[in-house]
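Please look through the sequence and the model below before reading on. The report that follows takes up one part of the chain and then the chain as a whole.

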Amino acid sequence: MSQLTGDERATYVHNIFTRIAKHYNLMNRLMTAGQDIRWRREAIWHLKLSPGMRLLDLGAGTGDLGREALGRQPAIHLVAADFNLEMMFVGQASGPLPWLNADALHLPFPDESFDAVVSGFLMRNVGKLTSVLMEQYRILKQGGRIVVMETTRPRASIFSPFVWFYMHFIIPLIGGLISSNREAYHYLPTSSESFLSAEEFTGQLVSTGFENVGFQRRMFGTIAIHWGEKT
């Protein structure tokens, strides 16, 4: 998987999420002991939503972040975009959202058309991270905010052996039992370990042009919530 790039990587990732879509939300709850709910609330808080804002939930999956945003501020204008139709179909069972099938590398929006963009567990799955961030910068208005929730490489600590064991053995075991697709849950630790550290991703945000950037680590440093502004 780590050797795949471009269209091959996109196809591989698309197929994985198609296969696990029906169990995606349940697995998130189990893998994080329900903490992913709190992380989404934190991510939405960093958006600083206000009535009338246009928000793009990019890589929306089943729509949990978008629903959290609407629950926080019902008067926003939300677009929930994802390139995987099966994930969106599963999300529809939890209630309708303004869905759009879209590729994060080529967003179908004009320049400066959103006040904020948020994503959850998208960035490590894209083939060209720099291009994806540039697209989000392009569609944001001046003063617009980006918030990214993503797995990240944790710093070495006394917990490192336990984190490694949990990621490489427990998660694939649970994933195999729940979804009958153990391969997909081997993808989580391998893609997380090959992705940027929280500090490196912050550098990517700055290189793209975002300012006032920052991040918070969660779950023994395996999750990071990043934010920044287009000034």
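What kind of unit do β4, helix α6 and β5 make? Strand β4, helix α6 (residues 129-139) and strand β5 make a right-handed β-α-β unit. Right-handed here means that, with the strands pointing away from the viewer, the path from the first strand over the helix to the second runs clockwise. Helices (H or I, at least four residues) and strands (E, at least two) are DSSP runs, numbered from the N terminus.

The model is a predicted one, in which local features need pLDDT of at least 70 and side-chain atom pairs count only at pLDDT 80 or more, while totals for chains, interfaces and linings use all residues. Residues are numbered from 1 along each chain as its sequence is written, and side-chain values use heavy atoms, with hydrogens and water left out.

Buried means under 20% relative accessible area, exposed over 50%, and partly exposed in between (1.4 Å probe, protein chains only). Two strands pair if DSSP finds at least two bridges between them.

| Partner of β4 | Bridges | Direction | Residues standing opposite |
|---|---|---|---|
| β1 (residues 54-58) | 4 bridges | parallel | L56 and V117 |
| β5 (residues 140-151) | 6 bridges | parallel | I146 and V117 |

Where is F121 placed? F121 lies in the loop between β4 and α6. With a relative accessible area of 16%, F121 is buried. Leaving aside residues up to four places away in sequence, F121 touches Y24, W39, M149, E150, T151 and I223; contact means heavy atoms within 4.5 Å. From F121 to H77 there are 44 residues in sequence and 22 Å in space, C-alpha to C-alpha.

**The whole chain**

The secondary structure of the chain comes to 9 helices and 7 strands. Its C-alpha atoms fill a box of roughly 45 × 40 × 35 Å, taken along the principal axes. A compact globule of 231 residues would have a radius of gyration near 17 Å, and the chain agrees with this because it has 17 Å. This radius is taken over C-alpha atoms, and the globule rule is 2.2 Å times the number of residues to the power 0.38. Of the 231 residues in the chain, 51% are buried.
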